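Please examine the structure shown below together with its sequence. The report that follows treats helix packing, strands, individual residues and backbone geometry in turn.

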Amino acid sequence: MLALLLSLGLAIGGDAAAAPPPDRRIALTVDDLPWVPLPSIATADALPGHRRLVAAIAGAGVPVVGFVNEGKLEDRGQIEAQRLQMLRDWLDAGAELGNHSYGHSDLHAVGLEAYQADILRGERRLKALARESGRPAPRWFRHPYLRAGRSASDKAKLQAFLSEHGYRIAPVTEGNSDWIWAGAYLRLEQRGDTRLQARLRRDYLRHMGAKLDYYESQSIALLGYNLPQVWLIHANLLNADTYGDLIAMARKRGYRFIGLDEALRDPAYERADAYFGPAGPSWLHRWAIGERKPAAFFAGEPRTPDWVLNLAGVESE
């Protein structure tokens with residue numbers, strides 16, 4: 001009997017000492033509004049997918065910030081009413097809108113002065129929509145290509161500029177290449193290959209789940225805990241057709257969706273961005289670079305499979 005009680009005690013004690021599950025909170029952000037392929041396609045061709053996406057956003061009922069390129073609103077230099085209405089649709093679905101620059105400018109290519117001008121050019125309609133809807137002025141800025149500066153000096157100057165104009169940088173911790181999957185999906189849509197589209201959607205959800213798992217493990221390895229993550233996807237046909245499934249997949253893993261402002265209250269986001277290169281890595285990896293983590297630290301990130309790369313016409317991520 002004593003042995004039985006001791007074994008039960010050990011079992012109970014072992015359970016009590018087991019580590020609690022990670023804190024799984026996540027903020028969802030969507031880039032390149034109102035629709036990625038604009039302005040290179042007709043508005044009428046964008047609307048069916050756009051309407052599916054905003055309906056899914058409204059149905060999911062989770063906080064989301066959409067980052068706008070105002071240049072996509074124009075046709076031959078003139079604002080197109082239907083494209084402006086697409087942004088109103090996002091607001092009606094419950095989203096908040098942020099600034100992604102007017103022309104999706106590359107800071108590293110155009111330089112700081114031109115980049116700042118493009119940020120200001122990219123807030124005119126956003127501010128007008130905010131006034132129209134009784135909302136605050138836009139407060140979030142997301143770097144196109146996640147290229148945030150090639151020197152500490154440029155980053156400091158840009159930070160001062162953004163603060164002066166009421167913006168906070170929206171980082172990304174859950175990095176992925178959904179744009180490659182979306183390119184492949186669009187080609188299949190154009191071919192009418194619904195069978196392979198269904199396979200791509202299934203594989204995409206598995207891939208995005210593996211990315212969530214990877215960056216959770218990276219956060220724990222770097223910080224000792226899973227910080228509130230910031231997830232990036234794009235306003236495209238693939239995400240229009242999988243948005244609800246992406247939300248369900250994350251929830252199945254134990255994630256709870258929160259606002260971007262709540263996520264960024266975590267002290268980890270006060271760390272400096274130590275990355276000055278041309279890629280657009282996760283902020284977790286930027287911080288790890290700042291700590292001079294060895295190459296082995298970054299190993300194991302899930303990669304887009306070759307068949308998707310080939311369909312998208314992309315050589316590598």
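## The contact of α8 with α9

In this predicted model, helix α8 contributes Asp178, Trp181, Ala184, Tyr185, Leu188 and Glu189 to a contact with helix α9, where the partners are Leu196, Gln197, Leu200, Arg201, Asp203, Tyr204, His207 and Met208. Sorted by class, the residues of this contact comprise eight nonpolar, two polar and four charged ones.

Helix α8 covers residues 178-191 and helix α9 covers residues 194-223, and their axes, which come within 10 Å, cross at roughly 170 degrees. Because angles over 145 degrees count as roughly antiparallel, α8 and α9 are roughly antiparallel to each other.

## The contact of α2 with α10

Helix α2 (residues 43-60) packs with helix α10 (residues 237-252) at an angle of about 20 degrees, and the two axes are 6 Å apart. Since angles under 35 degrees count as roughly parallel, α2 and α10 are therefore roughly parallel to each other, and their crossing is left-handed.

On the side of α2 the contact involves Gly49, Arg52, Leu53, Ala56, Ile57 and Ala60, while α10 supplies Leu237, Asn239, Ala240, Asp241, Tyr243, Ile247 and Arg251. By class, the contact of α2 with α10 has eight nonpolar, two polar and three charged residues.

## Strands β1, β2 and β8

Strand β1 (residues 25-33) pairs with β8 in the parallel sense over six bridges, and Asp31 stands opposite His234 of β8. Strand β1 also runs parallel to β2, to which four bridges join it; here Leu28 has Val64 in β2 as its bridge partner.

In a regular strand the side chains alternate between the two faces of the sheet. Within β8, Gln229, Trp231 and Ile233 point one way, whereas Val230, Leu232 and His234 point the other way, and all are buried. With six of its six residues buried, strand β8 (residues 229-234) is therefore largely enclosed by the rest of the structure. Within β2, Val64, Gly66 and Val68 point one way and Val65 and Phe67 the other way, again with all of them buried. Five of the five residues of strand β2 (residues 64-68) are buried, so β2 is largely enclosed by the rest of the structure.

## Individual residues in helices

Arg286 is located in helix α12 (residues 283-290), and its relative accessibility of 0% means that Arg286 counts as buried. When residues up to four places away in sequence are not counted, Arg286 touches Leu146, Ala148, Asp273, Ala274, Tyr275, Ala279, Gly280 and Pro281.

Leu162 belongs to helix α7 (residues 152-164) and counts as buried at 0% relative accessibility. Leaving aside neighbours within four places in sequence, the contacts of Leu162 are with Ile119, Phe141, Tyr167 and Ile169; the C-alpha atoms of Leu162 and Phe141 are separated by 8.0 Å, although these two residues are 21 residues apart along the chain.

Lys127, in helix α6 (residues 124-133), counts as partly exposed, with a relative accessibility of 28%. The C-alpha atoms of Lys127 and Gly98 are separated by 10.0 Å, and the two residues are 29 residues apart along the chain.

## Backbone geometry in the loops

Most residues other than glycine have a negative phi, and most peptide bonds are trans. The peptide bond that joins Leu33 and Pro34 is cis, with omega about 5 degrees, and Pro34 lies in the loop between β1 and α2. A cis peptide bond also leads from Leu38 to Pro39, where omega is near 5 degrees, and Pro39 has its place in the loop between β1 and α2.

Which value does phi of Arg76 take? Phi of Arg76 is near 55 degrees, which is positive although the residue is not glycine; Arg76 is found in the loop between β3 (74-75) and β4 (78-79) and is exposed, with a relative accessible area of 77%. Ser101, another residue other than glycine, has a positive phi near 80 degrees and is found in the loop between β5 (96-99) and α4 (107-110). At 0% relative accessibility, Ser101 counts as buried.

Methods:
Residues are numbered from 1 along each chain as its sequence is written. This is a predicted model: local features need pLDDT of at least 70, side-chain atom pairs count only at pLDDT 80 or more; totals for chains, interfaces and linings use all residues. Side-chain values use heavy atoms; hydrogens and water are left out. Axes are lines fitted to C-alpha atoms, for helices over the stretch in contact, and angles run from 0 to 180 degrees between N-to-C directions. Helices (H or I, at least four residues) and strands (E, at least two) are DSSP runs, numbered from the N terminus. Angles under 35 degrees count as roughly parallel, over 145 as roughly antiparallel, 65 to 115 as roughly perpendicular and the rest as oblique. Contact means heavy atoms within 4.5 Å. Ala, Val, Leu, Ile, Met, Phe, Trp, Tyr, Cys and Pro count as nonpolar, Asp, Glu, Lys and Arg as charged, and the others, Gly among them, as polar. Buried means under 20% relative accessible area, exposed over 50%, partly exposed in between (1.4 Å probe, protein chains only). A crossing is left-handed if the near helix is turned anticlockwise from the far one by less than a right angle, and right-handed if clockwise. Two strands pair if DSSP finds at least two bridges between them.
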